[in-house]
Amino acid sequence: MDGLTHSLVGLTSAKAGLERLSPYTAAACILSANAPDLDVVSFFFGGRWTLLQHHRGITHSLVGTVILGALIPSILFAVERVVARWRKLAPKIKYRGLLVASLVAAATHPLMDWTNNYGVRPLLPWNGKWFYGDLVFIIDPYLWLILGGVCFLLTSNRRAKVVSWVLLAILVTAAVLLAPQQRAGDRSALAVARVIWITGVAVFAIGRSLKLQERFGKSLAMAALAFVVLYWGALACAHAAAYRNAIKQANLTAAHHGERFMRAAAMPTVANPLRWVCVAETDRAVYRFIVNIGDSPAATMYPADSLADGSGSAIERYEKPVGRSEQLVSLASRDPRAQVLLGFARFPITRVESNNCVDQALVQFADLRYTEPGASRGNFSLSVPVECPVP
């Protein structure tokens, strides 16, 4: 998930009761909820491929979460002791309480990250297997709205804080209203999300004027966290339906091409629980298509390499390399950047340009979850020139 969501979860957790354990709990929870993303510093030591290799690695594992969850309150405790001694004041932090709160907040980070399709590796350093929840898009405006609205109600007790929240609301509202459409079927979902967002912001503003925070207190934070759990549950049901639909459609596609189905995944789209991006792999190709919950796979299949799924979207087919192409891909895979990408990619695909080359060929790698060969999208695609082997 994004840093804003992690911060809001940490602050909401503190306001739900953890802040009673010790002073400075809100700060500790926000820091601990974001601490696993300290792995982004790997970019400065080796660039974007080093970042791809180590992001959501050891700092997101069970071991890393416990270490970071203990490290944050220990640093705060030590700093507060030094400052208290310097100012000749009595220290306020209750270390055990702050430790418990920090560990809880730190644990929310890999849990939240697991819910999207990027995945986490919780068993490091012993096992680097990725685990994917495939429930929530990496940026979710509904989580921003509920968690942010509740945090606003419970923390806007001073003018400076109100101004800060208003500025944040303006920035996030602009992001929601100006968000680009990713796919042809996203327009209606984005329109609904924008209406819900504007309505929700107005409701929370009215709620503050009615002093709901004074009437309900921490119950608001507990209700917000309960909403997150129920939201996940609803998305899990939607995902199960989409996955079943994806399996049926993938089997129909594989049968049409005389292939053997191997695996598939259904992944969320932004702000639309009824529309899922699906990737399926067979023994000879990898496919990407859209599944809309309620559609019948049998009714949306068409006998062509570029198939229509009934919503105007194509079922994209990427053949696996064979023969000379396979040999060129094998050579390109020796590139250290390609090894990092292939180690990360859940559905790696390749394409060879200038297959009948004389001197050099271009091998394009991509993770089909996010992009396709030849497209430029950060660390999720790579083009490697290779010298053609002598026949």
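Thanks, everyone. One caution before we start: this is a predicted model. Let me begin with the packing.

The largest nonpolar core has 34 residues. Which of them touch the most other members? They are Met112, Val136, Leu143, Leu147, Val150, Trp165 and Trp197. Five helices matter here, in that each gives two or more residues to this core: helix 1, residues 3-15; helix 7, residues 141-155; helix 8, residues 159-177; helix 9, residues 187-209; and helix 11, residues 218-256. Helix 7 has the largest share, with 10 residues. As background, nonpolar side chains in soluble globular proteins tend to be buried together.

Let me stay with Val150 for a moment. Leave out residues up to four places away in sequence, and Val150 touches Phe204, Leu220, Ala221 and Ala224. Please find those on the structure.

Now the pocket in this region. I mean the second largest pocket, with about 310 Å³ of space. Its lining counts 16 residues. Nearest the centre of this pocket are Gly148, Phe152, Trp165, Ala169 and Val201. You have met Trp165 already, as one of the core residues with the most contacts to other members. Helix 1, helix 7, helix 8 and helix 9 each give two or more residues to the pocket lining. What is the lining like by class? It has 14 nonpolar residues, 2 polar and no charged.

How many cavities of 30 Å³ or more does a search of the whole structure find? The count is 2. The largest cavity has a volume of about 70 Å³. Its lining is made of 13 residues, and Tyr231, Leu235, Thr269, Asn272 and Pro273 are the closest to its centre. The elements giving two or more residues to that lining are helix 11, strand 1 and strand 2. Strand 2 gives the most, with 3 residues. Sorted by class, the lining of this cavity has 10 nonpolar, 2 polar and 1 charged residues.

Look also at Ala238, in helix 11. Is Ala238 buried or exposed? Ala238 is buried, because its relative accessible area is 12%, under the 20% cut-off. Beyond residues up to four places away in sequence, Ala238 touches Pro273, Trp276 and Ile293. Pro273 is also among the residues closest to the cavity centre. For a sense of scale, take the C-alpha atoms of Ala238 and Thr350.

On to the backbone. A cis peptide bond joins Leu124 and Pro125, with omega at about 10°. Pro125 sits in the loop between helix 6, residues 95-114, and helix 7.

Two residues other than glycine have positive phi. One is Tyr24, with phi near 65°. Tyr24 lies in the loop between helix 1 and helix 2, residues 25-34. The other is Ala271, with phi near 60°. Ala271 lies in the loop between strand 1, residues 261-269, and strand 2, residues 272-282. How exposed is each? Tyr24 is partly exposed, at 46% relative accessible area. Ala271 is buried, at 7%.

Start with Arg317, in strand 5, residues 314-319. Arg317 counts as buried because its relative accessible area, 19%, is under the 20% cut-off. Which side chains does it meet? Arg317 makes a polar contact of 2.6 Å with the side chain of Tyr287. Another, of 2.8 Å, goes to the side chain of Glu319. A third, of 2.3 Å, joins the side chains of Arg317 and Glu259.

Glu259 is in the loop between helix 11 and strand 1. Glu259 is buried too, at 10% relative accessibility. Not counting residues up to four places away in sequence, Glu259 touches Ala254, Thr282, Asp283, Arg284, Ala285, Tyr287 and Arg317. Notice Tyr287 there: it touches Glu259, and its side chain has the 2.6 Å polar contact with Arg317.

That is my tour. I am happy to take questions.

Terms used. Residues numbered from 1 in each chain as written. Predicted model: local features only at pLDDT ≥ 70, side-chain atom pairs only at ≥ 80, totals over all residues. Heavy atoms only, no water. Core = buried A, V, L, I, M, F, W, Y, C linked by side-chain atoms within 4.5 Å. Buried < 20%, exposed > 50% of the residue type's maximum accessible area, 1.4 Å probe, protein only. Helix = DSSP H or I, 4+ residues; strand = E, 2+ residues; numbered from the N terminus. Contact = heavy atoms within 4.5 Å. 1 Å grid on protein atoms, 1.4 Å probe; cavity = no way out; pocket = protein on both sides within 12 Å on 5 of 7 lines; lining within 4 Å. Points joined across faces, edges and corners; volume = space filled by probe spheres on them. Nonpolar A, V, L, I, M, F, W, Y, C, P; charged D, E, K, R; others polar. Polar contact = N/O pair within 3.5 Å; in protein donor to acceptor, adjacent residues only side chain to side chain.
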